[in-house]
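Please look at the sequence and the structure before reading on.

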2 protein chains.
Amino acid sequence: MSPGSQPRQIEHGDHDAIEDVLSIVRQHGGRATPARRLLLQALFGSREHRSAEELTAEVRAHAPDVHLSTVYRNLEELERLGVVDSTRLRDGPATYHLASTAHGHLVCEKCGSMTEVPDDMFRDLVRSARTRYGFIINPHRFAVTGRCASCQ
Amino acid sequence: MSPGSQPRQIEHGDHDAIEDVLSIVRQHGGRATPARRLLLQALFGSREHRSAEELTAEVRAHAPDVHLSTVYRNLEELERLGVVDSTRLRDGPATYHLASTAHGHLVCEKCGSMTEVPDDMFRDLVRSARTRYGFIINPHRFAVTGRCASCQ
DNA sequence: TCGCAATTGCTATCAGATCGCAATTGTGCG
DNA sequence: CGCACAATTGCGATCTGATAGCAATTGCGA
């Protein structure tokens with residue numbers, strides 16, 4: 001559970017994936033800047049949920065001049081393109097992760113721990129929201145709060 | 001949709017309800033101050049989700065000196081006592097409402113509109129979270145985000 | 001009625017996030 | 001291959017929502 005654990009190596013598949021994303025960016029009139037590339041690297045390089053601040057720190061390890069606001073702007077852009085999802089956990093900053101890593105979030109309102117859960121948990125909720133209200137739920141972008149097993 | 005609409009009259013039942021809450025507060029060593037009473041009045045007086053700021057404005061209509069921080073402190077206290085729930089909609093400030101008015105929230109991430117939905121929509125999710133993870137979900141304290149019917 | 005802890009008003013401060021602007025830099029087009 | 005120009009960046013100022021510290025006030029149990 002230590003914050004900086006699992007700094008999983010960038011695998012060669014990631015590089016292609018990053019370039020794929022960048023070509024999507026280009027298709028939308030965007031550019032492949034070093035900061036953007038580095039940010040994507042950080043996003044691909046870790047399974048954890050990262051705040052903008054944490055991602056900035058990771059980017060800065062390679063390019064110390066990249067500014068926090070740049071990271072925010074890029075995250076916003078990448079979210080607009082559907083590449084990343086942001087999730088507001090109950091307290092603290094928003095966290096960001098690749099949109100492809102599909103999962104919901106259970107956040108304990110006592111101890112703050114977060115459990116990732118598969119999408120199918122939301123199947124029923126998604127279905128009834130659609131049929132009853134015509135509302136299409138995106139289960140990745142919010143946190144479900146309550147009490148975790150050890151905090152009952 | 002105008003912000004100040006529906007300023008539903010304080011009904012005589014509300015007064016008793018407010019005093020009931022205050023006696024609970026007293027049982028926990030708290031006091032029945034004017035600010036507290038006014039805040040409860042505001043909470044009872046409206047079905048809408050209100051931010052701390054909005055509630056403060058309402059309280060100030062009767063007692064102009066009540067400070068924003070006082071309202072925050074009281075909301076925190078009342079939430080601790082289980083009288084109110086707070087919900088973080090996707091953006092903007094947290095909103096507060098009486099815990100008794102049980103419902104979940106669907107928030108459109110495009111137009112920002114909010115739909116209140118009955119608890120039973122969450123039945124399945126609540127059940128599988130409990131059986132699979134021992135996690136007890138409180139459906140009132142978070143917002144489910146997605147696209148509303150008119151924003152597909 | 002009295003004493004004391006709970007509460008308040010106020011200001012300062014916090015964290016997270018956004019904005020404006022001049023300088024820089026990708027990149028599509030010729 | 002090189003240019004023009006829009007996209008992007010660094011940086012600081014600024015914004016909003018929320019909290020903390022502290023002295024003065026005030027409910028309320030005994």
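Two strands pair if DSSP finds at least two bridges between them. Helices (H or I, at least four residues) and strands (E, at least two) are DSSP runs, numbered from the N terminus.

## Source and confidence

This is a predicted model, in which local features need pLDDT of at least 70 and side-chain atom pairs count only at pLDDT 80 or more, while totals for chains, interfaces and linings use all residues. Residues are numbered from 1 along each chain as its sequence is written, and chains are lettered from A and ligands numbered from 1 in the order in which they are written.

The pLDDT is the predictor's confidence in each residue, from 0 to 100. For chain A the average is 86, and 89% of the residues score at least 70. In residues 1-7 of chain A the pLDDT is below 50, and this stretch has five contacts in the model beyond near neighbours in sequence. Two residues are in contact if their C-beta atoms, placed from the backbone, lie within 7 Å.

## A sheet built from both chains

An open sheet of four strands runs in the order E5(A)-E4(A)-E7(A)-E6(B), with mixed pairing. E5 (114-117) of chain A and E6 of chain B stand at the edges with a single partner strand each, so one side of each has no neighbour in the sheet.

Strand E4 (residues 104-108) of chain A pairs with E5(A) in the antiparallel sense over four bridges. Within this pair, Gly104(A) has Val117(A) in E5(A) as its bridge partner. E4(A) and E5(A) form a hairpin with five residues between them, and Gly112(A) in the turn has a positive phi of about 85 degrees.

Strand E7 (residues 143-147) of chain A pairs with E6(B) in the antiparallel sense over two bridges. Here Arg147(A) stands opposite Ile136(B). Strand E6 (residues 136-137) of chain A pairs with E7(B), also antiparallel and over two bridges, and Ile136(A) stands opposite Arg147(B).

## How the two chains meet

28 residues of chain B are in contact with 28 residues of chain A. On the chain B side, strand E5 (114-117), helix H5 (123-133), strand E6 (136-137) and strand E7 (143-147) each supply at least two residues. That side has 15 nonpolar, seven polar and six charged residues. In this count Ala, Val, Leu, Ile, Met, Phe, Trp, Tyr, Cys and Pro are nonpolar, Asp, Glu, Lys and Arg are charged, and the others, Gly among them, are polar.

The same surface serves both copies, as 100% of the contact residues of chain B recur in chain A.

## The surfaces near the DNA

A residue is near a strand if its C-beta atom, placed from the backbone, lies within 6 Å of it. DNA strand C is surrounded by 27 residues, and among the closest are Ala32(A), Ser69(A) and Gly30(B). H4(B) gives the largest share of this surface, four residues. By class, the surface near DNA strand C has eight nonpolar, 11 polar and eight charged residues.

Around DNA strand D there are 26 residues, and those that come nearest include Gly30(A), Thr70(A) and Ala94(B). H4(A) gives the most to this surface, with four residues. The surface near DNA strand D has eight nonpolar, 11 polar and seven charged residues.
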